[in-house]
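Trainee: I'm new to this one. Please take me through it, and expect me to ask how you know things.

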Amino acid sequence: MPELPEVETVTNSVKKHILNKSFNSLELFWPKTLDNFTILDFNQKIKGKKVVNVFRRAKYIIIQFENILIAVHLRMTGKLYAVDSLEKDQKHISLYLPFDNKYLIYKDTRKFGRFYMYDNMDILNHKLGIEPLSESFTQKWLIENMKKKKRQIKSLLFDQSFISGLGNIYIDESLWRAEIHPLTASHKISKPKVKALHASIVKVLSDSIKLGGSTIRDYTYDFAYVGNYALNLKVFGKQGEKCPRCKYKITKTKVAQRGTHYCKKCQKK
DNA sequence: CCATGAACCTGGTCGC
DNA sequence: TGCGACCAGGTTCATG
């Protein structure tokens, strides 16, 4: 499901509820959700410990306890949210954690999402690339690092060890804004276009965060919550419609095994 | 190093 | 209405 802006939105929503709280049990219904730890580990290391911070790194929601952390990855259909009482319909609830008189629910239709337990951020920081909304993500960084890779630009932008947080929607939107064909070899893109790509990535992600992410289909991240960035999408899901820039018809194809939307007229290789 | 395909899962949609 | 094929915002692993 979610890319950086949606994970940011969920993280902030969950943080409001669980900061300074503690969990006394973990009710597990889909065991594979716990990737690298067990209920026993939870009872020994997390139970009763206070949540000291909740933050986002790439597409992970990090729940920080005093000496340990839980990282949640929602993958395609995961939802993490707090409620006052358990819903009657427990379908697709993979696990939940009671706290105070409330519950932190993890619901996941396709069951791809995972919870990880780590002592600190070292493992994740080691495998994840630069945060696109951090100060270190500069035009210079992108120019220098794109030169070093010889890959289809869409594949490269998907690679979380290069830039972390982008996914199918925001890649298509960023490439459209920068007028770059998704199959262009990364080292062959001109400097002005790389600069435009840098600006597009920052613009698209930050605009989306302001609107609470994109909600497509009947997707919501919190009960009351619906992100509105979907209204701003220019090419994603717009196949057959007119390009907002040149009025040519938006094409949909496959790149890196993923549905890819672009304008053949203004995004040339 | 890079590209491709499969695997992990369930549900919605489209064509016949 | 039913059924099969294909699609879905992600990641990881195996294979050329």
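Mentor: First, a helix here is a DSSP run (H or I) of at least four residues, numbered from the N terminus. Also keep in mind that this is a predicted model.

Trainee: Got it. What comes just after H1?

Mentor: Asn 20, which takes a positive phi of about 70 degrees.

Trainee: How do you know that the span of H1 agrees with what a helix should give?

Mentor: H1 has 15 residues, and at 1.5 Å a residue they should span 21 Å. The end C-alpha atoms are 21 Å apart, so the two values agree.

Trainee: Which residues of H1 are buried, and what covers them?

Mentor: Among the buried ones are Leu 4, Val 7, Val 10, Val 14 and Ile 18. The cover includes strands E2 and E3, along with E5, E6, E7 and helix H7. H1 itself lies across E5, E6 and E7, at about 30 degrees to E5.

Trainee: What makes the four-strand sheet open, and why are E1 and E5 called edges?

Mentor: The order is E1-E6-E7-E5, with antiparallel pairing. E1 (27-28) and E5 (78-83) each have a single partner strand, so one side of each is left without a neighbour in the sheet.

Trainee: How do you know that E6 and E7 pair?

Mentor: Pairing takes at least two bridges, and six join E6 (residues 93-99) to E7 (residues 102-108). Phe 99 stands opposite Lys 102 in E7.

Trainee: Why is Lys 111 called partly exposed?

Mentor: Buried would need 20 or more. Lys 111 has 15 other C-beta atoms within 10 Å, so it falls in between. Lys 111 lies in the loop between E7 and E8, and its phi is positive, about 65 degrees, although it is not a glycine.

Trainee: And what about Ala 256?

Mentor: Ala 256 has 17 such atoms within 10 Å, so it too is partly exposed. It lies in the loop between E9 and E10, with a positive phi near 55 degrees.

Trainee: What surrounds DNA strand B?

Mentor: The residues there include Lys 111 and Ala 256, along with Lys 32, Arg 110 and Arg 151. That surface divides into two nonpolar, four polar and six charged residues.

Definitions and conventions
Residues numbered from 1 in each chain as written. Chains lettered and ligands numbered in written order. Predicted model: local features only at pLDDT ≥ 70, side-chain atom pairs only at ≥ 80, totals over all residues. Near = placed C-beta within 6 Å. Nonpolar A, V, L, I, M, F, W, Y, C, P; charged D, E, K, R; others polar. Helix = DSSP H or I, 4+ residues; strand = E, 2+ residues; numbered from the N terminus. Contact = placed C-beta atoms within 7 Å. Axes fitted to C-alpha atoms, helices over the stretch in contact; angles between N-to-C directions. Expected span 1.5 Å × (residues − 1). Buried ≥ 20, exposed ≤ 12 C-beta atoms within 10 Å, placed from the backbone.
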